[in-house]
Amino acid sequence: MDLLWVLSVSMLTVCVAIPMDAAAGSHSLFTCEPITLRMCQGLPYNSTFMPNILNHYDQQTAALAMEPFHPMVNLQCSPELRMFLCALYAPVCTEYGRMTLPCRRLCLQAKSDCYKLMDMFGVSWPEEMDCNRLFPDCDEPYPRPVDLLSSSDTTESPISVQRDYGFWCPRELKIDPELGYSFMGVRDCSPPCPNMYFTREELMFARYFIGVVSIVCLSATLFTFLTFLIDVSRFRYPERPIIFYAVCYMMVSLVFFLGFLLEDKVSCNAASPGRFRASTVTQGSHNKACTLLFMVLYFFTMAGSVWWVILTITWFLAAVPKWGSEAIEKKALLFHACAWGIPGVLTVSLLAMNKIEGDSVSGVCFVGLYNLTALRWFLLVPLGLDVVVGVALLLAGIAALNRNQEKLVKFMIRIGVFSVLYLVPLLTVLACYLYENSYRAVWETTWVQEKCRDYHIPCPYQVESTSRPDLALFLIKYLMMLIVGIPSVFWVGSKKTCFEWGTSTHASSTHLAMLDEPPSASTSRAGSVRSARSKMSSYHGSLHRSRDGRYTASSFRAADDRLPYGSMPRLNDQPQSRHCSTNRLDSLSRHGSTQRLESQSRHSSIRDLSSATQAVLGVPGNGIHRVLEEDGATA
């Protein structure tokens, strides 16, 4: 019987400790306290021990849980019910934290006597009070004589009881079970919002700091992308990945800017005072806006790092095997598949695992802010691999370029500067993540120690060290996450870029000026163009080929003298009949000469055509004779 009793107590201790496995290294200090529960007054013992068997960490919480049983106790449906309930909700305080459970017989008797009355009041027997699972098979009253002896000793001189309870989620931070929240290893719990480590003044300063940096990064990366759109053919492989790299960090900075505007509206759940719920950090994918911010931010953060690795690959292919731009561009489909596919798989995996967390410092949603496992596997590992692969390829490419001193002068300097400007921020971000991974448990224990009395939860005991995070650490992390996109400006920044922007701006202003012209100006300009075209056509029609094969300009025929198209000279006109054949010959000669001239003019230079145009429009220089002489010499 004693062995069974010890086994039952051990199993119950294990069951109680299961939800608190994440804080196994902390200890809690409890003392016996007087019973304040109204239902449990006048018992053979007057001191109790918290937390109780049902994991209520104070008597106030236990009293709320006992309220459904008040009608049954008042109606005295069973003489054993009141003692049985007090044995669970306010157990007798014993030495060294030894918990005693009521016998199974007491549980079965109370349940069978009050089952029908409970059904009338709509009260069900709780699962955590299952008689056949929790309670030992014995036939002793509660409390036992040995328990009363220990209780009397502790009443005269309360003793300290040390037990390992870990973190207990306060009632204010509890979340509905269907949402799947977790905090410090405890399910259905979420961190407080605003941030649990910093004051409101510190958070306000950090919010504006992140907002300003995000605007600067957004402007720089947007400038890079627009420069690419002005002249797409200018940026070819191996430098084309810089453009996609800039686009990725343009989206990252845009998300942080949106977080600055939204403040805590997305990253935090609203408080519910009626349910004794405080504002908590958003977790999971139930908040659509938070999920969208997370998807964009994490996807493009990972894609930006992958595009940097692809940039080092293209540099390596150009430096070592001496691949040309066309050969590298043939692998573009593979580059895009890796750059967008790998981040997509990681993003979908996090969505499936429900690892999204709100960031109450920046106002966005990300991963690894409170869950160390997600921090290690979805941030440290991917970014660390990118750094290792990228640095290895850079060193190999630089070593290959070092053998060719002519290429080394300009290209190696640019590649070195750009690599340093990217690697330094990325390595700083990795160092911040590693620091958080190492000290997060200490920060959480310190927070519990400071807030345990406010939340009425067990306080840590025998804490070896306490520490609070420095706000500068988080500011450096956010700064390096954003500033890593700015080096793309140094790559596209040149005199040619300034010239392209100036040309594009001038063309846009000219186009707008033409749109703003009055109708009269547009009509006069169109009339002058039509006049020039008519003169040009008249010039072609006025050329006459002489007998020696040279072309000379003839006078323009008046409009009245011209025959309609397709008309024939009148046959009864005797004076003109003698010259019918002559006119026909002249007409054929004129058309043939015109066709010949048009054929030659199509193959002539731009200079000759401009000279002929000036002569027709009356510009001095005798351009027609010059063209005719050149054509004659050519013939």
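Student: Is Asp264 buried, partly exposed or exposed?

Tutor: Asp264 counts as partly exposed, at 28% relative accessibility. Buried means under 20% relative accessible area, exposed means over 50%, and partly exposed lies in between, with a 1.4 Å probe and protein chains only. This is a predicted model, in which local features need pLDDT of at least 70, side-chain atom pairs count only at pLDDT 80 or more, and totals for chains, interfaces and linings use all residues. Residues are numbered from 1 along each chain as its sequence is written, and side-chain values use heavy atoms, with hydrogens and water left out.

Student: Which side chain meets Asp264 in a salt bridge?

Tutor: The side chain of Arg207 does, at 3.1 Å from N to O. A salt bridge is a side-chain nitrogen of Lys or Arg within 4 Å of a carboxyl oxygen of Asp or Glu.

Student: Where do Arg207 and Asp264 lie?

Tutor: Arg207 is in helix 8 (residues 200-230), and Asp264 is in the loop between helix 9 (241-262) and strand 7 (268-269), so the pair ties together parts that are 57 residues apart in sequence. Helices (H or I, at least four residues) and strands (E, at least two) are DSSP runs, numbered from the N terminus.

Student: And Arg207, buried or exposed?

Tutor: Arg207 is buried, with a relative accessible area of 8%.

Student: How many salt bridges does the structure hold?

Tutor: The structure holds nine salt bridges. One of them pairs Glu329 with Arg236, at 3.9 Å from N to O. That pair links distant parts of the chain, with Glu329 in helix 11 (residues 325-329) and Arg236 in the loop between helix 8 and helix 9, 93 residues apart. Glu329 is partly exposed at 36% relative accessibility, and Arg236 is partly exposed at 35%.

Student: What about Glu450, which side chain does it meet?

Tutor: Glu450 meets Arg468 in a salt bridge of 2.9 Å, N to O. Glu450 lies in helix 14 (residues 405-455) and Arg468 in the loop between strand 11 (460-461) and helix 15 (471-483), so far as the sequence goes 18 residues apart. Glu450 is partly exposed, with a relative accessible area of 42%, and Arg468 is partly exposed at 42% relative accessibility.

Student: Which residues do salt bridges with shared partners join into one network?

Tutor: Arg236, Glu326 and Glu329 form that network.

Student: Switching topic, how many disulfides are there?

Tutor: The count comes to seven disulfides, where a disulfide is a pair of cysteine sulfur atoms within 2.5 Å. Among them is the link of Cys77 and Cys114, with sulfur atoms 1.8 Å apart. The link of Cys77 and Cys114 is right-handed, with 90° about the S-S bond. Cys77 lies in the loop between helix 3 (70-74) and helix 4 (81-89) and Cys114 in helix 5 (residues 104-120), so the pair ties together parts that are 37 residues apart in sequence.

Student: Are Cys77 and Cys114 buried or exposed?

Tutor: Cys77 counts as buried at 19% relative accessibility, and Cys114 is buried with a relative accessible area of 0%.

Student: What is the handedness of the link of Cys103 and Cys138?

Tutor: The link of Cys103 and Cys138 is left-handed, with -110° about the S-S bond. Cys103 sits in the loop between helix 4 and helix 5, and Cys138 in the loop between helix 6 (131-134) and helix 7 (145-156), 35 residues apart. Both Cys103 and Cys138 are buried.

Student: And why is the disulfide of Cys107 and Cys131 left-handed?

Tutor: The torsion about the S-S bond of Cys107 and Cys131 is about -70°, so the disulfide is left-handed. Cys107 is in helix 5 and Cys131 in helix 6, 24 residues apart.

Student: Which backbone nitrogens does the side chain of Glu357 reach?

Tutor: The side chain of Glu357 reaches the backbone nitrogen of Leu369 at 2.8 Å and the backbone nitrogen of Tyr370 at 2.8 Å. Glu357 itself is found in strand 9 (residues 357-358).

Notes: A polar contact is a pair of N or O atoms within 3.5 Å; within protein, one must be able to donate a hydrogen and the other to accept it, and residues adjacent in sequence count only if both atoms are side-chain atoms.
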